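Reader: Hi! Could you walk me through this structure in plain words?
Author: Happy to, let's have a look together.

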Amino acid sequence: MSDIAFTREEKDALVSKLQRYFDDELSVELGQFDGEFLLDFISKEMGASFYNKGVNDARAVVASRLQVIDEELYAIEKVLLIQK
């Protein structure tokens, strides 16, 4: 997996959320530079875990949908066999 890269707009929005969280929950003022540094750390050190969780969740959805499709195809197949 390649490094997680954000556009400037995405990074600004994420840093803003970190700043708001630090201010609201911890009563700590987080500057822009420190916010970007923290975001880079989180992305580098934890990003793969969040990414992999998303991939696994998507895989489960696809597997569930494929099972439904397979069951529907089997139902059609049984109907065709009965009609012969």
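Reader: Thanks! What share of the contacts with a separation of 6 or more comes from residues 24 or more positions apart?
Author: That share is 47% in this protein, where contact means heavy atoms within 4.5 Å. Please keep in mind that this is a predicted model, where local features need pLDDT of at least 70 and side-chain atom pairs count only at pLDDT 80 or more, while totals for chains, interfaces and linings use all residues. Residues are numbered from 1 along each chain as its sequence is written, and side-chain values use heavy atoms, with hydrogens and water left out.

Reader: Good to know. How many helices and strands are there?
Author: There are 2 helices and 0 strands. Both kinds of element are DSSP runs numbered from the N terminus: helices are H or I with at least four residues, strands are E with at least two. Helix H1 covers residues 8-26, and helix H2 covers residues 32-83.

Reader: And what is the radius of gyration next to that of a compact globule?
Author: The protein has 23 Å, whereas a compact globule of 84 residues would be near 12 Å. The radius is taken over C-alpha atoms, and the globule rule is 2.2 Å times the number of residues to the power 0.38. Along the principal axes, the C-alpha atoms fill a box of roughly 75 × 30 × 20 Å.

Reader: How much of the protein is buried?
Author: Buried residues are 12% of the 84. Buried means under 20% relative accessible area, exposed means over 50%, and partly exposed lies in between (1.4 Å probe, protein chains only).

Reader: Let's switch to charges. How many salt bridges are there?
Author: The count comes to 4, with a salt bridge being a side-chain nitrogen of Lys or Arg within 4 Å of a carboxyl oxygen of Asp or Glu. Side chains of opposite charge can pair when their charged atoms come close.

Reader: Which part of the chain does lysine 11 pair with?
Author: Lysine 11 forms a salt bridge with aspartate 40, and the closest N and O atoms are 3.0 Å apart. That pair links distant parts of the chain, with lysine 11 in helix H1 and aspartate 40 in helix H2, 29 residues apart.

Reader: Are those two buried or exposed?
Author: Lysine 11 counts as buried at 16% relative accessibility, while aspartate 40 is partly exposed at 38%.

Reader: What about arginine 8 and aspartate 12?
Author: Their side chains meet in a salt bridge too, at 2.9 Å from N to O. Both residues lie in helix H1, 4 residues apart, about one turn of the helix. Arginine 8 is partly exposed at 43%, and so is aspartate 12 at 33%. A network of salt bridges links Arg8, Asp12 and Glu36.

Reader: Where does lysine 53 come in?
Author: The side chain of lysine 53 meets that of aspartate 57 in a salt bridge, 2.9 Å from N to O. The two sit 4 residues apart in helix H2, about one helical turn.

Reader: New topic: what does serine 43 touch?
Author: Leaving out residues up to four places away in sequence, serine 43 touches Ile4, Phe6 and Ala48. Serine 43 lies in helix H2 and is buried, with a relative accessible area of 14%.

Reader: Last one: what is the phi of serine 27?
Author: Serine 27 has a positive phi of about 50°, although it is not a glycine. Most residues other than glycine have a negative phi. Serine 27 lies in the loop between H1 and H2 and is exposed, at 64% relative accessible area.
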